[in-house]
Amino acid sequence: MKLQLALDRMPKGDCFQVIEDTKESIDWIEVGTGVIKEYGMEIVRDIKKAFPQKTLVADMKTCDAGKHEASQAFEAGADITTVMAFSANQTIKDSLKVAEDCHGRIMIDLLGVKEEARIRELSDIGVDLVSLHFGKDMQEAGDLQEDDLFSLVHHHPYLDVAVAGGINLDSLSSILNHQPNTLIVGSGITKSTDRQGTAAKMKERMKNHEANNSNRQR
Ligand SMILES: O=C([C@H](O)CO)[C@H](O)[C@H](O)COP(=O)(O)O
């Protein structure tokens, strides 16, 4: 199980500092959408240069012009780039083709998806990595509705599933019970007064959970 650190709404220097603080515990680094909007593809390039051993996710949240945006992300050094699930199938197919050519991956952001039928369509066009996403603004209205989110992928055990949306040390245990492949954590780490300790505790709990549930499936 991977821990993906999401860098959102912070200045460039802070992004590098948080990675430094947490690098022993995190597996994947996500350059957040807002950070890319602020600093452009340059920050993706710079983070890959500074931390080449980490898997880098560019949270492009592409919804059109899939070929162009996926190329931008991979050329800048991303290993994975995100595309919104509501995009046209052509956008998703084009992104997947670029990913294949660049030896990268596409993570489909399921923000707003409510019907399992869309997951089936996505699988049929070759999607293999999705993120269940309870958005920042949705979090204003309440906590992540885990059962609803995970029910979308329940019948798709072959999908790699990431989950995001206000995950912190308190909510971690119940999320782990759903056996995601990747946990995406932003403010739960970046806003902690002890980022290093928080990331380390999360990773330790993830490892313990895996060790105790090695034969369980999602
Ligand atoms: O993708 C994200 C969101 O849309 C803001 O851009 C976040 O990276 C994701 O939700 C994780 O952040 P937290 O909810 O703060 O853990």
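Sorted by class, the residues that form the shell around the ligand comprise five nonpolar, nine polar and four charged ones. The model described here is a predicted one, and its chain contains eleven helices and eight strands.

**Around the ligand**

- There are 18 residues around the ligand, and those that come nearest are A6, A164, G166, G186 and S187.
- At least two residues of the shell around the ligand are supplied by each of three elements, namely helix 2 (33-39), strand 8 (182-185) and helix 10 (187-190).

**Residue R195**

- R195 belongs to helix 11, which covers residues 195-212.
- R195 counts as buried because 20 other C-beta atoms lie within 10 Å, and the cut-off for a buried residue is 20 or more.
- Leaving aside residues up to four places away in sequence, R195 touches V18, D21, T22, I189 and T190.
- Between R195 and A88 there are 38 Å in space, C-alpha to C-alpha, and the two are 107 residues apart in sequence.

**The chain as a whole**

- The radius of gyration of the chain is 16 Å, which agrees with a compact globule, because a globule with 218 residues would have a value near 17 Å.
- Taken along the principal axes, the C-alpha atoms of the chain fill a box of roughly 40 × 40 × 35 Å.
- Of the 218 residues in the chain, 41% count as buried.
- Among contacts between residues at least 6 apart in sequence, 61% join residues that are at least 24 apart.

Technical notes
Residues numbered from 1 in each chain as written. Predicted model: local features only at pLDDT ≥ 70, side-chain atom pairs only at ≥ 80, totals over all residues. Near = placed C-beta within 6 Å. Helix = DSSP H or I, 4+ residues; strand = E, 2+ residues; numbered from the N terminus. Nonpolar A, V, L, I, M, F, W, Y, C, P; charged D, E, K, R; others polar. Buried ≥ 20, exposed ≤ 12 C-beta atoms within 10 Å, placed from the backbone. Contact = placed C-beta atoms within 7 Å. Rg over C-alpha atoms; globule rule 2.2 N^0.38 Å.
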